Amino acid sequence: MKYNSSLSRPGAGGAAHAGSRSWARLAPGGSDHGELLGRSSELAMLDTMIDKVRRGQAPPVLLRGAAGVGKTALLEAVLTRAEAVGVHVLRATGVESEVKLPLSGLHQLLNGLRDIFQRLAPEQQDVLDRALGLPQGAAPDRFVISATVLALLHAMAADRPVLLIVDDAQWIDQASAQVLGFVVRRLGPEPVGFLGAVRTEWKSFLDRSSLLECPVEPLEARSAAELLDSRFPALAPGVRQRLLHEAAGNPLALLELPALLSSDQLSGRTELPRWLSLGDRLESLYATRVGNMPEATRELLLLAAFESASSVRTIWSALPGGCIAADSAVIPAERAALVRVEAESGRLVFRHPLVRSAIVQLATPDRRRSAHRALAEVLDHEPERQIGHLIAASLGPDEAAARILESAAHRALRRGGATAAFSALRHASSLSPKAEDRSRRLAQAAFAASHAGNLEAAAEVLDSEYWDQASPEDAARAASASALRLIHRDGDVRAAHRLLIRALDNIIAWGDTAASRPSADELVDELFYLLIEASFYDGGPDLWAQVADRIGHASEFAKLSFDALGDPVNAGHTVGPRLRRAFANLPDETDPRRITQMAWIALYCDDLHRYREPAARAAELARTGGAFASWSTAVLLLAIEAYYLGQWDEAEAMLREGLQVAEEFEYRLLGCRMRFQLAFIEAGRGRAEAVKTLTDQVLAVAVPQGLRAGQTAVRQSRALSALGRGDYEAAYAQCVQVSPPGTFPAHVPCAMWSVLDLVEAAMMTGRVEEARAHVAAAKRVDLAALSLRTALLVAGAGALAATDDEAGQLFEEALALPDAERWAFDHARIRLAYGRWLRGRQEIASAREHLYGALEVLERLGAQPWVERARDEYRAAGAPVDSEREERTALTPQELQIAKLAATGLSNKEIAAELFLSHRTVSTHLYNLFPKLGVTSRARLRDALRVLGQIE
C-alpha cells in the first residue's frame, strides 16, 4: 500500500489511475469547476451519495470497471466535492506488491489520525497503535481491531461526516478487507460512507454482498472523440479514427496512445504501425494477467492477436496440438476476461483492442515470427491475409520464402487484392538472392501498386537499380506501370502510348521465341488494354491506327475492347453477343479488373445492366483488397448506368465518393470522368453554374494535353445544359463539334449518344435539313442495331425530324420499343416531345396522358428545366399541376427502398450489402430523404412511411 493524505491530492499512484487523473478536470464548455467528459450520470449518482452520507443514509458503493476506464477520476471528483461540503475523507489505494502485507490497507486509511485516536479509551488507542505496527508486539485480534475502527469512525462522525474511499480495491490485503467488511456492514444511521473501486476482471477480498455495485463503462463515442480532440486537436482524420477504435472508449488509452506517436504519424505523413506502442502504463494494465497465463494460452492469444478476424478454426489449426490443445488453452484466458468465444460467428474476440496490442508487445520477436509462420501455413487459401504473415515471418535473403510470397501475390491479384500483392512482391524482391529475380518481382510490384492506385509507390519501385537485369516480360510490366502513371496522374497519354507500343513490340517478339506463351499472352492483353485506354483519351486517329496495326496479335477480349471503344458505330454491331459469350466462358475465379474491363465494353453497347452484379462484386473486392483505382473505375461504371436508368441520386452519391478517392490517389483523368458525368446530372437538373464549374475543371486537364475525349464529353454536357434552359443555338453549336450533321466520326464513341440532342437542337433552330440528314446517317450506319438505347435515341430523333404525317406513328414506334422505359430520361424527353406534338394537333386526351407520364418521371429525376416545360405543356392541355406537393413528398424509388429498410432497423452497412451499394451512398440517400418525409431521425421513419401508405 502507498500512503495518501486524507486531505491532500494523491500522488503518483498505480498505472491504472495515474493516467486517469490527467483528464479528471477537463472542462468542456468553459466550466469553472470542471466536469468529467461523458460521466454526468455517474457524477449525479455520486453527488446523491455524498448528500446521503451527510444524512447517515448512504449505502456503501463499489465502482467496477476496466483498467484505465476512469474510476480513479470519479473517486477524485467525489473527494473534491465531499471535502467542499465538509465531509472528512479517508483514502487508501491498493498496490499489487503490498497485497500480502496484513493490514497495510488499514494503515493507509488511519495513518495520520493519531490526534483523533486520543478521543478513544486508552485500550482502544492501544489496539489501533498495535494494528498500525507502532509499538512492538503482536497485532490484536481481528474482531477487536474491527470494532475499534468502527468506534473511531463513530467518534469522527460526531464532528462531521466521514467518507472512506478505497481505490484499486482488488489489491487491498485480506486483513484490511475483512476489517472494512465488518465496518461497512455496521455503519447504521451514522454519517459514515464507503466508496470503493475495483477492476472488472479482478477478484477482491472485499465482501461484495454488502456493497452496491455500480459499473463504470467506457466513454460513449461522442465523449471519447471530444476527449481526444481536446488534447490532440490536429490529428489526421485516419489517425484519429484509428486511435478512437484502438482505445474503445478507454480514457487512459485515449491520452496515452497518441502521446507515443511521432508528429509525422499524428499528422498522417507517416503510416501508423500495425501495432501501436502501449508505453509502460498501458502495458502494465495487462502484463500481469497475460504473463500469468500458461504457455499454451499465451501462444494461442498471440495467434489470435495476429488473426483477430479469423474464426477459431483457423487459430486452432495453427496451434500445435490443434483443437484439443486449443480448447484447454482458451479456458484460462476466458476466466481472466481477456477473450471470449462468440457462439454465432465462431470468432475469438478480445475484450478490449488493447489486449491484442499488449499480447504482441509482450511476446519476443522469435515467438512473433513463429506465430506468423504457423498462420501463413493455414491461410494458404486466403492469400490476401496470408501475405502479411509471410512478410512478418521472413528475415534476410530467402528464395523459398520469396517464391511463396510471389505465388500468394498472384493469387491475391486474381481476387482483387492489389495492395496486398504489392506488399508481397516488394518484400519478395528484397528477399531474392538473384538480381534477375529482384527485377522481376519489382516489376510485378510496380504493376500491382499502379492498380492499387498507389502511383507514387509504383514510381519508387520503378526507380530501382535492378532494371538492367530485366527480361522483356519484366520490362513490359514496368512499362504498363509507368504508362498508368503517365496516363492517370500526368495526363500525358501520348508518352504512355509510345512507351506501350515499344513494350508491346518487344513482348510480341519475345513471346514468339519463348518456351511458354501464357505469360506473354497475358501481358499482351494488358498492354493492348492500356493502349486502347490511351487512344480513347487522346482520340487521335494516328494512335488508333498504331493499335489497329497490331490488333492481330491480340486476344478476343482485346479485340472486343478495340471494337467497342475505338469505333463502335462502324465496328460495334457484334460486340454485345461476343461479349456475352466471353463472359459466359470466364473461369469461376476471375480477376476483378477483368470483370471491370468487360463492364466498360458493355457500357458502349448499352448492355451494362447484364453485368451490374458482377461489376458491383468486383468493386467490393477491389475495395476490400485495397485496389482503389479499380474500385473507382467500377464505381464510375455503376454510376453511369444508374444515370441512364434514372437513378440520379444514387449516381451522384457514387460519383462524388469516387471523385474523392480519385483525387486522393491522383488519378486525374479518372477524376475528369467523374466530373463530366456529374456535369450530365447537373445539366439535367438545370444547374448551369455547376455544369460550367465541373466542365471548366475537366478542360483545365484536357486542353493542355490535347485530350479529345474530355473535350467531347464537355461539349455533350454543355449541350444538354443548353437544351434544358432553352438555348438551342448554344446546344447546336456544342453538338456539331461532337458529331457534324450527317456524320458519325470514327474514334468518337459518344457521338452515337448525341443523336437525339443534335436533332432536337437542329429542329428548334429551324435546321430541318441538318436534322433529317443526321437521322438518315444514323439509319445508314444502322445505329439502332447497336443497342436498345441507341434504337430509342434514333427512333426519337426520327420522330422529332419527321413530317406531321409521319411523326405520330414514329413517336408511337419509339415509345413501344422493348425496354424503352428503362432509359428513364431519354424516354421521358421523347414522351414530352410527343405530348407537345399531340397538343398541337388538338389531341388533348392523348397529349395529357403522355405529358403526365413524362412529368412524373422528370419530377422523380429532379430534371427541373424539363419539369417546368412538361408542367407548362400539361397546363396548356387543360390539366392542373400541384407541383409543390409533389416536390415536398416525392421519394425516388431508391430512396423509398432505403427508407423502408432503415425503418426495419437495419444499419447503413446492412442496407448497403442488401442493395449492392456503398454505405456512404446509403448515408447520402438518408440525408436527402429525411427532410422530404419531415423527420429528423431513423426512429420516426416507420411512422412517416405509414402515413404515406408505404408500410402497414
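This note goes through a predicted model of a protein chain point by point, from the overall picture to single residues.

1. Overall picture. The protein chain is built with 50 helices and seven strands. Of its 952 residues, 56% count as buried. Contacts between residues at least 6 apart in sequence give a further view of the chain, for 68% of them join residues at least 24 apart.

2. An aromatic pair. The structure holds 17 aromatic pairs, and one of them is formed by F536 and Y604, whose rings are 6.1 Å apart centre to centre, with 75° between their planes. This arrangement counts as edge-to-face because the angle between the planes is over 60 degrees. F536 belongs to helix α26 (residues 518-538), while Y604 belongs to the loop between α31 (592-603) and α32 (612-624), so the pair ties together parts that are 68 residues apart in sequence. Both partners are covered: F536 counts as buried at 11% relative accessibility, and Y604 counts as buried at 7%.

3. A second example of a charge over a ring is found at F182, where the charged end of R186 sits 3.8 Å from the centre of the ring.

4. Helix α35. How many residues of α35 are buried? The helix is mostly covered, with 16 of its 17 residues buried. Its length can be checked as well: at 1.5 Å a residue, the 17 residues of α35 (residues 668-684) should span 24 Å, and this agrees with the 24 Å between its end C-alpha atoms. After the helix comes G686, with a positive phi near 80°.

5. Packing of α24 against α35. Two packed helices are described by the angle between their axes and the distance between the axes. For helix α24 (residues 472-490) and α35, the angle is about 45° and the axes are 5 Å apart. That makes α24 oblique to α35. The residues that meet are I487, H488, R489 and D490 in α24, and R668, L669 and L670 in α35.

6. E666 has a positive phi of about 60° although it is not a glycine, and its place is the loop between α34 (648-664) and α35. At 37% relative accessibility, E666 counts as partly exposed. D819, another residue other than glycine, has a positive phi near 60° and is found in the loop between α42 (804-815) and α43 (824-840). Its relative accessibility is 41%, so D819 also counts as partly exposed.

7. Helix α18. With 14 residues, helix α18 (residues 365-378) reaches 21 Å from its first C-alpha to its last, which is close to the 20 Å expected at 1.5 Å a residue. Which residues of α18 are buried? They are A371, H372, A374, L375 and A376.

8. P353 and its surroundings. P353 is placed in helix α17 (residues 353-362). With a relative accessible area of 19%, P353 counts as buried because the limit for that class is under 20%. Although P353 and A247 are 106 residues apart in sequence, their C-alpha atoms are 7.0 Å apart in space. Leaving aside neighbours within four places in sequence, P353 is in contact with H245, E246 and A248.

9. T712 and its surroundings. T712 lies in helix α37 (residues 708-724), and at 9% relative accessibility T712 counts as buried. Which residues are in contact with T712, leaving aside its neighbours within four places in sequence? These contacts are with V738, V748 and C750.

Methods
Residues are numbered from 1 along each chain as its sequence is written. This is a predicted model: local features need pLDDT of at least 70, side-chain atom pairs count only at pLDDT 80 or more; totals for chains, interfaces and linings use all residues. Side-chain values use heavy atoms; hydrogens and water are left out. Rings of Phe, Tyr and Trp (its six-membered ring) pair if their centres lie within 6.5 Å; planes under 30 degrees apart count as stacked, over 60 as edge-to-face and the rest as tilted. Helices (H or I, at least four residues) and strands (E, at least two) are DSSP runs, numbered from the N terminus. Buried means under 20% relative accessible area, exposed over 50%, partly exposed in between (1.4 Å probe, protein chains only). A charge sits over a ring if NZ of Lys or CZ of Arg is within 6 Å of the ring centre and within 35 degrees of the ring normal. The expected span of a helix is 1.5 Å times one less than its number of residues. Contact means heavy atoms within 4.5 Å. Axes are lines fitted to C-alpha atoms, for helices over the stretch in contact, and angles run from 0 to 180 degrees between N-to-C directions. Angles under 35 degrees count as roughly parallel, over 145 as roughly antiparallel, 65 to 115 as roughly perpendicular and the rest as oblique.
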